[in-house]
Amino acid sequence: PNRDAYTLLFEKHSGDAVKMMGDKLTKAKKSKREAKQHIQDIASGGSCWELGTHADPDFISIDLGKHHKIQTLTYRFNFMVYNGIFLETEEFVRHQCNNRACIRPSHLLSGTDRQNKDDEVIREYSGRMSRGRGQGLRLELSE
């Protein structure tokens, strides 16, 4: 059913999908970078575009009629629309910025459950989770 709904979305309603993604991106708040940089910030350039929170990310629901309905996380939807691909249920969208509230397409990539769990471990050891907080990296760039 999900594949059929996304096929219908991409084939018949691609303009609507891009508009919906644009509306969500417009509503997103540009986050302010912390003064301390983390090693993980190197992978995702630019600030995050946030909608929702890390614990409760934004959700999107689209009714395409005839029993076709899409309900998913906004960052997952944006990843699929931006890249023009359908992700199977067992495929995950990973955040290079380590911010689940972020919906910025350039911060998102696909991956496996194992990679997603590995990201959690990296977040903990880099200080992005409560048990590892405060382990910063001072980054100085010369121009």
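This is a predicted model: local features need pLDDT of at least 70, side-chain atom pairs count only at pLDDT 80 or more; totals for chains, interfaces and linings use all residues.
## Helix α2 against helix α3

Contact here means heavy atoms within 4.5 Å. On the α2 side, the residues involved are A17, V18, M20, M21, K24 and L25, and they meet T74, F77, N78, V81 and Y82 of α3. Sorted by type, the residues of this contact come out as eight nonpolar, two polar and one charged.

As for geometry, α2 spans residues 14–27 and α3 spans residues 74–83, and the two pack at an angle of about 130 degrees. Their axes lie 10 Å apart. Angles over 145 degrees would count as roughly antiparallel and those from 65 to 115 as roughly perpendicular, so this pair falls into the oblique class. The crossing of α2 and α3 is left-handed.

## How covered is α3?

Helix α3 is mostly covered, with eight of its 10 residues buried. The buried set is T74, Y75, R76, F77, N78, F79, M80 and V81. Notice that T74, F77, N78 and V81 from this set also turn up in the contact with α2.

And what do the buried residues of α3 pack against? Besides α2, there is helix α1 (2–12), plus the strands β3 (59–63), β4 (69–73), β5 and β6 (108–111).

## A closer look at H95

Strand β5 covers residues 92–95, and H95 sits in that strand. Is H95 buried or exposed? Its relative accessibility is 8%, and buried means under 20%, so H95 counts as buried.

The H95 side chain reaches the backbone oxygen of C102 at 3.1 Å. C102 also shows up among the residues in contact with H95 once its neighbours within four places in sequence are set aside; the others are Y75, R100, H107 and L108.

## The whole chain

Stepping back, the protein chain has four helices and six strands. Their order along the sequence reads α-α-β-β-β-β-α-β-β-α.

Of the 143 residues in the protein chain, 37% are buried. Looking at contacts with a separation of 6 or more, 54% of them come from residues 24 or more positions apart.

Notes
Residues are numbered from 1 along each chain as its sequence is written. Side-chain values use heavy atoms; hydrogens and water are left out. Buried means under 20% relative accessible area, exposed over 50%, partly exposed in between (1.4 Å probe, protein chains only). A polar contact is a pair of N or O atoms within 3.5 Å; within protein, one must be able to donate a hydrogen and the other to accept it, and residues adjacent in sequence count only if both atoms are side-chain atoms. Axes are lines fitted to C-alpha atoms, for helices over the stretch in contact, and angles run from 0 to 180 degrees between N-to-C directions. Angles under 35 degrees count as roughly parallel, over 145 as roughly antiparallel, 65 to 115 as roughly perpendicular and the rest as oblique. A crossing is left-handed if the near helix is turned anticlockwise from the far one by less than a right angle, and right-handed if clockwise. Ala, Val, Leu, Ile, Met, Phe, Trp, Tyr, Cys and Pro count as nonpolar, Asp, Glu, Lys and Arg as charged, and the others, Gly among them, as polar.
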